[in-house]
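Below are some notes on the model you sent. They are set out as numbered points.

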Amino acid sequence: MTRTATGSTGTRRRGAAAVAAVLAAGALALVLTGCVPESTPTTAATSSAPTVSETPTPTASDAPPPALVPNGTAAENKPFFDYLNNQAITAAGGQPDGPAFINSLRAGGFAVEAMELTPDITTVGVKADSVQFSVHASDACLIGQWGTVGGYTSIIAAPLSTGKCFIGQTRPIDF
């Protein structure tokens, strides 16, 4: 009787491969078991005690939106400044330009004469990565910035010795 080259050695290899496959499947099952949320059996309440419902606490959506404080400080008007700017972002589908912010602030009651705006277009004619806009409040500057990378942010800063909020040339607000 002749043995083939794959005789008992081939059988051992197939057996080892089968064992490895079973171990791999078992390990995979253990890993996937950790991904499934634990189910908690639900039980019916058996208490006969009456339930007490509390008055719901107002959420942020229930609160009225902030409002302009005429002749107020930058700190007093920052919530309204941020509110209007976030409204402008939403209204423009997440792609506002400088005039969108200025128009929103103007509609909210901020004086155009107290505003500054950086150009939307760079000196080489491409859309700027970000735009900055400001309102000079009674005591400080409310400065907002919008960019496609960093999103929206705002700060309160002291005005410059020139009385302006920004250094350099700004865009005329003639729209």
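**Notes on the predicted model**

1. The lining of the largest pocket is made up of nine nonpolar residues and six polar ones, with no charged residue. The coordinates come from a predicted model, and the points below should be read with that in mind.

2. The volume of this largest pocket is about 170 Å³. It is lined by 15 residues, and those closest to the pocket centre are Leu68, Val69, Asn71, Asn77 and Phe110.

3. There is one disulfide in the structure. It is formed by Cys141 and Cys165, with an S to S distance of 2.1 Å. The two cysteines are 24 residues apart and the pair links distant parts of the chain: Cys141 belongs to strand E3 (residues 141-147), while Cys165 lies in the segment after strand E4 (151-157).

4. For the geometry of that link, the angle about the S-S bond is -90°, and the link of Cys141 and Cys165 is left-handed. Are the two cysteines buried or exposed? Both Cys141 and Cys165 are buried.

5. Ser154 sits in strand E4. Its relative accessible area is 14%, so Ser154 counts as buried, the cut-off for that class being under 20%.

6. Which side chains make polar contacts with the side chain of Ser154? One is the side chain of Lys78, at 2.9 Å. Another is the side chain of Asp82, at 2.6 Å. The buried Ser154 thus has a polar contact with Lys78 and a polar contact with Asp82.

7. With neighbours within four places in sequence left aside, Ser154 is in contact with Lys78, Phe81, Asp82, Ile143 and Gly144. Lys78 and Asp82 in this list are the residues named in the previous point for their polar contacts, at 2.9 Å for Lys78 and 2.6 Å for Asp82.

8. Lys127 belongs to the loop between strand E1 (115-117) and strand E2 (130-136). What does Lys127 touch, leaving aside its neighbours within four places in sequence? The residues in contact with Lys127 on that basis are Gln95, Asp120, Ile121 and Thr122.

9. A last item concerns Lys127 and Asp97. The C-alpha to C-alpha distance between Lys127 and Asp97 is 9.5 Å, and the two residues are 30 apart in sequence.

Terms used:
Residues numbered from 1 in each chain as written. Predicted model: local features only at pLDDT ≥ 70, side-chain atom pairs only at ≥ 80, totals over all residues. Heavy atoms only, no water. 1 Å grid on protein atoms, 1.4 Å probe; cavity = no way out; pocket = protein on both sides within 12 Å on 5 of 7 lines; lining within 4 Å. Points joined across faces, edges and corners; volume = space filled by probe spheres on them. Nonpolar A, V, L, I, M, F, W, Y, C, P; charged D, E, K, R; others polar. Disulfide = S-S within 2.5 Å. Helix = DSSP H or I, 4+ residues; strand = E, 2+ residues; numbered from the N terminus. Buried < 20%, exposed > 50% of the residue type's maximum accessible area, 1.4 Å probe, protein only. Polar contact = N/O pair within 3.5 Å; in protein donor to acceptor, adjacent residues only side chain to side chain. Contact = heavy atoms within 4.5 Å.
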